[in-house]
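This briefing concerns the structure shown below.

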Amino acid sequence: MKRISLRKMAKNQQGTITAVKVAGDLGRRIRDMGLVTGTEIMIQGRAPLNDPVALRIRGNTLTLRNNEADHIEVEVDE
Amino acid sequence: MNKLTLALTGNPNAGKTTLFNALTGARQHVGNYPGVTVERKEGEYKKDNFQAVIVDLPGTYSLTAYSEEEVVARDFIANEKPAVVINIIDAANLERNLYLTSQLLELKIPLVVALNMIDVAKDRGIDIEVAKLAALLGVPVLPIVARTGQGLDALMTAAQDMVEGRIAPPDPAKVKISYGEDIDQTLLLMTDLIREKALFGGKYPSRWIAVKIVENDESLIREVAAADPDLGERLKIEADKVADHLMKTFDTYPEAVIADHRYGFIKGILKSGIITHHYDKNRLYTSDRIDKVLTQRFAGPLIMLLTLFSIYQITFSLSALPIAGVETVFSWISTLVDGLLADGALKSMLISGVIDGVGGVMGFVPLIMLMFFCIAILEDSGYLARVAFMMDRIFRIFGLHGSSVMAFIVSGGIAGGCAVPGVMATRTLRSPKERMATLLTVPFMNCGAKLPILALLIGAFFAEHQALYMFAFTLLSWVVALVAAKILRMTVLRGAPTPFVMELPPYRFPTFNGLMIHTWERTWQYIKKAGTVILLISIILWAMMTYPGLSPEKKAQYSKERAQVNALYESDSEEATKLFLKIDNQQQALTLRNSIAGRIGIAMEKVTWLSGFEWRTNIALLGGFAAKEVVVSTLGTAYSMGDVDPEASTSLGQRLARDAAWSPLVALSALLFMMFYAPCFVTVVCIARESGSWNWAIFSILYSTTFAFILATSVYQIGRLLGF
């Protein structure tokens with residue numbers, strides 16, 4: 001088990017969110033969309049230019065930009 | 001009689017619009033909330049003895065004042081106190097959808113939950129115990145399928161029962177979300193303070209206000225400060241205290257703690273046996289399989305380009321015939337008026353001002369209808385979100401959003417679009433600054449009406465490299481638009497990018513009804529404008545190009561010339577027709593020169609000589625503000641003056657090429673200016689509407705004209721220095 005930033009996750013890798021370290025509009029938006037501590041996610045894929053990233057969360061798909069993913073810390077298996 | 005109001009609220013993509021359409025049918029009214037660009041939709045519901053106005057609130061994920069939409073939704077619920085709020089939630093995405101529900105529960109309003117798409121959920125192996133869910137939430141929960149209408153009667157009966165008191169409104173004591181010891185303590189303290197002062201006269205529940213302040217909800221904090229500055233100060237101190245404490249002990253923000261606990265509350269509900277998943281949660285559905293192809297690294301962009309290109313093709317080729325039809329109708333009306341009225345100012349105004357002006361605007365209607373139909377398909381099916389996903393990386397460089405691409409293409413990204421539907425297409429953008437930047441830069445694209453100007457001048461001066469020039473100018477329009485967007489985002493529209501975080505909703509087949517309603521309501525908004533602002537501006541422009549007219553002596557002189565022709569030739573002989581035409585042309589051209597527009601054109605030479613334009617070009621440019629098509633016809637009128645040799649019926653292009661005032665360098669300068677100066681006034685009116693303020697529309701005219709002038713002047717002056 002180790003903690004990495006969401007940006008560093010590979011395609012199809014799974015993990016659990018351990019922290020969302022941003023306040024303000026962006027933090028609010030991220031949390032409103034269901035990305036909160038304890039949520040399981042899986043990387044579904046990336047856009048043709050590698051950014052934004054699409055992830056699977058609770059059976060649905062969300063996308064966010066890499067620089068937004070930086071604020072999200074995820075616990076993943078080695 | 002005071003009509004009953006019901007409000008519809010829910011996440012985007014939860015099927016809110018489908019439900020709204022199913023409940024109200026075509027009895028809808030679309031407007032704007034005062035002061036913001038958020039659309040306000042309401043419609044009438046009528047069944048047996050129950051009648052109500054249903055207001056479709058904007059789709060939101062939360063009530064945290066993240067966006068204008070959320071503030072609008074919240075204010076509506078708090079201020080207009082709808083009799084019942086119907087919260088539509090997506091059964092296949094229950095956890096996230098209940099996040100909004102949990103906030104609505106805290107508002108202590110009469111709430112009915114519509115559990116939508118239970119059919120989709122069932123297909124996905126999700127079973128939901130509806131009765132249990134209702135008991136835990138403390139509000140009625142009705143399973144529905146909005147697309148097919150299943151369960152709608154039961155839903156509305158529940159709403160009616162609540163209005164008429166047969167079901168008690170939710171008991172707030174039952175659902176009280178705990179936010180952890182620290183925050184709960186602070187909330188207790190703040191709630192007492194608020195209650196003591198009876199803040200807002202009880203418009204919001206006290207605890208809810210406290211939660212919002214701790215959550216650092218700027219818009220509500222401002223509201224509190226305005227209502228009671230003293231209290232606002234004290235509440236803020238409490239909120240800051242707990243925020244400090246949380247930061248020191250847990251390295252986290254109160255907003256994060258609150259969100260975590262809301263989701264905790266939802267998890268608690270879902271865990272108590274309400275939901276059973278029969279399959280793996282991350283199982284891929286048909287929609288995901290489609291995405292594997294449609295957002296694939298290579299196939300994705302290719303398919304996207306093909307899709308956008310075919311929309312473009314479909315819109316512009318299919319609309320050609322109906323547009324011609326509309327034009328025929330208007331020219332028929334024009335002929336009719338011509339025959340019915342005697343020559344004079346009234347007739348001239350009716351034909352050149354009213355009919356031509358309104359006709360020009362109505363000519364766009366088929367185009368706009370088709371384009372909105374195509375966009376509605378892309379939007380309702382969920383593909384537009386994928387386009388944004390794929391294009392975002394590129395458009396972000398220029399401070400725009402992935403969804404901007406649509407507006408640019410429609411406006412003429414592939415030469416020959418139209419900025420009017422382009423400006424209206426920005427409506428699909430949810431981020432305000434990115435949307436404004438798109439709105440202000442799409443008119444730089446080469447729309448269909450600029451093409452004749454390009455064709456005329458390129459044909460006359462750069463005939464050897466026609467295709468190359470056309471391509472270069474299309475490319476240039478992209479560069480200018482994107483760079484302008486970047487500059488706007490660094491200056492007047494400065495600000496951090498709006499968070500991109502968004503859903504890729506599952507692909508769905510759009511409902512025909514939904515498409516029709518979408519298309520019609522947008523088209524109707526456009527048509528309404530034709531009768532008001534546009535009619536007025538059109539009459540003003542007509543007057544400017546007509547008055548003060550010629551002196552009586554001049555008029556008499558032309559009558560004399562006509563009489564001479566009559567005396568020399570048979571009245572319908574070829575020579576006579578030709579001579580009459582020549583006299584008409586000269587009279588028109590002289591009238592134009594003498595008109596207000598003509599005088600302005602001459603006065604403008606004092607400035608425009610810098611870019612190489614003489615007064616005749618200036619008049620054409622003024623006319624181009626009415627519609628870019630007018631540039632060519634006005635040039636035609638202006639340059640027919642003084643053409644003495646009736647045998648030499650040369651084309652306008654040849655005439656310009658021969659004219660001493662023109663040269664390839666002047667043509668280049670004029671081309672650049674015409675591509676980038678003020679958008680036509682139909683576009684300007686649309687910008688005013690879409691941005692919600694005339695200031696932006698005027699800004700658009702000024703900044704683009706200034707830019708175009710600087711560009712044209714630099715090219716002309718540098719060209720002259722280089723000896724061209």
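In this predicted model, strands β3 (residues 39-47) and β4 (residues 50-56) of chain B run antiparallel and are joined by seven bridges. The two strands form a hairpin with two residues between them. Strand pairing also occurs between the chains, where β5 (residues 60-64) of chain A and β10(B) are antiparallel partners.

**The β3-β4 hairpin of chain B**

- Within the pairing of the two strands, the residue of β4(B) that stands opposite K41(B) is D56(B).
- In the hairpin of β3(B) and β4(B), D48(B) adopts a positive phi near 50°.

**Domains of chain B**

- Chain B is divided into domain 1 (5-163), domain 2 (181-277) and domain 3 (548-657).
- A distance of 63 Å separates the C-alpha centres of domain 1 and domain 3 of chain B.

**A sheet built from both chains**

- The open sheet has seven strands in the order β1(A)-β6(A)-β2(A)-β3(A)-β4(A)-β5(A)-β10(B), and their pairing is antiparallel.
- Two bridges connect β5(A) with β10(B).
- The bridge partner of L62(A) in β10(B) is E503(B).

**Extent of the interface**

- Chain B contributes 49 residues to the contact, and chain A contributes 39 residues.
- The size of an interface is often expressed as the accessible area lost when the parts come together.
- For chain B and chain A, the buried area is about 3,900 Å², with carbon and sulfur atoms giving 51% of it.

**Polar and charged interactions across the interface**

- Between chain B and chain A, 17 residue pairs are in polar contact, with both residues at pLDDT 80 or more.
- The interface of chain B and chain A holds seven salt bridges.
- A salt bridge links the side chains of D51(A) and R393(B), at 3.6 Å from N to O.
- On the side of chain B that touches chain A, the elements giving two or more residues are α3 (94-106), α11 (254-271), α17 (383-397) and β10 (502-503).
- By class, that side of chain B comprises 22 nonpolar, nine polar and 18 charged residues.

Key: Residues numbered from 1 in each chain as written. Chains lettered and ligands numbered in written order. Predicted model: local features only at pLDDT ≥ 70, side-chain atom pairs only at ≥ 80, totals over all residues. Heavy atoms only, no water. Contact = heavy atoms within 4.5 Å. Buried area = accessible area lost by both parts, 1.4 Å probe. Salt bridge = Lys/Arg side-chain N within 4 Å of Asp/Glu carboxyl O. Polar contact = N/O pair within 3.5 Å; in protein donor to acceptor, adjacent residues only side chain to side chain. Helix = DSSP H or I, 4+ residues; strand = E, 2+ residues; numbered from the N terminus. Nonpolar A, V, L, I, M, F, W, Y, C, P; charged D, E, K, R; others polar. Pairing = 2+ DSSP bridges. Domains from an automatic or database assignment.
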